[in-house]
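Student: I've got a model open and want to talk through some of its helices. Can you take me through them?

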Amino acid sequence: MNKFDDQATKALLERNLITGNQYEEITSYRNLNIFSLNAELKLFLYLSVLLFTSGIGVLIYNNIDSIGHIAILSLLLIVIVVSFYFCFKKSKGFQKQETTFEHPVLEYLVLAANILTCVFIGYLQFQYEAFGTHYGLATLIPTVVSFFCAYYFDNKSVLTIAITGLAAYIGLSVTPQDLLHNISFYYDRSLSYSAVMLGVLLILWTIYSSRIQLKTHFKIIYLTFALHIISIAAISNLINNYYGIWVVFAFILTASTFYFYKVSYETKAISLYVFMIVYAYIGLNIFLFRLCDTLDFSSIWELFILILPVYFIGSIVLFIKLIKTFNKEIAA
């Protein structure tokens, strides 16, 4: 039993939340050093799904001429139908509250079936243009299927695919690296506005879902996507010189920081809190640099350089202090 667990257990005993016999039983159990392989097994299951779907993609790519398009599509369709058959057969049906399969493997079968459905529809459009020139349908239909599967089977992994598909439908790439390297954010303001609007819609949906008690455990996923999308879109436009448009996105980033500061305490989500601080810090530094750019620092530039190390060290210390304070407050 590690020192932290021992101190926590003693604290419970001192506050009379557990009895002396319960303390001894807990201590004896922890001294057995029994650990769970649940997380490790789920990780391997997740990796197996990714390897399986990736393997199918590689198989299609390497044997496209010898196998044939119809055969590949037929094989994909058969696998998808069989997978969904077992998922629907073993599921408990749609419920507003959190539900789980009796066997955790079925959760990953849902994920595999959903990914293969996306591959099937994308391949159908790419090879035969099943939706004609309406290329957005090839993204929208898998997105709708993913949202249905996410809520019907209560699958968080599929929900992330659904939100990613929704973002792709309006022209966004929702990974931070892709957003930062997407040059459209610098020249296409409508795309930036779309990103902010999508983030706001995700927030509004979490508020509505909480009121009607619909899959409230999905809230953290929606909020995480909203935080990244809004913050990165705002930061990307803080360097935009078009008629002071950066000022608008500075206000957007400020409002986003304030909201996610509050919601991180409400949900006790340290991930939201950490990323909120990081994005706010980046935005603040860009804002300060833009402010300095409008002023004349030629006479005090040496002092400015001397202050920079203190500023960054102080930022690190403040960041650590904020994290510690947050952990203490949510644990209270």
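Predicted model: local features only at pLDDT ≥ 70, side-chain atom pairs only at ≥ 80, totals over all residues.

Student: How far does helix 6 reach from its first C-alpha to its last?

Tutor: Helix 6 covers residues 105-128, which gives it 24 residues. At 1.5 Å a residue you'd expect 34 Å, and the model comes close to that. From first C-alpha to last, helix 6 reaches 34 Å.

Student: Are helix 12 and helix 13 roughly parallel or roughly antiparallel?

Tutor: Look at the axes of helix 12 (residues 219-237) and helix 13 (residues 245-267): they come within 9 Å and cross at roughly 155 degrees. Angles over 145 degrees count as roughly antiparallel. Helix 12 and helix 13 are therefore roughly antiparallel.

Student: How many nonpolar residues are in the contact of helix 12 with helix 13?

Tutor: Helix 12 brings residues including Leu223, Leu227 and Ile230, and among those they meet in helix 13 are Trp246, Phe249 and Phe260. By class, that contact has 1 charged residue, 4 polar and, for the nonpolar ones, 14.

Student: Which residues of helix 12 does helix 8 meet?

Tutor: The axes of helix 8 (residues 156-169) and helix 12 come within 10 Å, crossing at roughly 30 degrees. That crossing is right-handed, whereas helix 12 passes helix 13 in a left-handed one. From helix 8, Lys156, Leu159, Thr160, Ile163 and Thr164 take part, and in helix 12 they meet Ile221, Tyr222 and Phe225.

Technical notes: Residues numbered from 1 in each chain as written. Heavy atoms only, no water. Helix = DSSP H or I, 4+ residues; strand = E, 2+ residues; numbered from the N terminus. Expected span 1.5 Å × (residues − 1). Axes fitted to C-alpha atoms, helices over the stretch in contact; angles between N-to-C directions. Parallel < 35°, antiparallel > 145°, perpendicular 65-115°, else oblique. Left-handed = near helix turned anticlockwise from the far one by under 90°. Contact = heavy atoms within 4.5 Å. Nonpolar A, V, L, I, M, F, W, Y, C, P; charged D, E, K, R; others polar.
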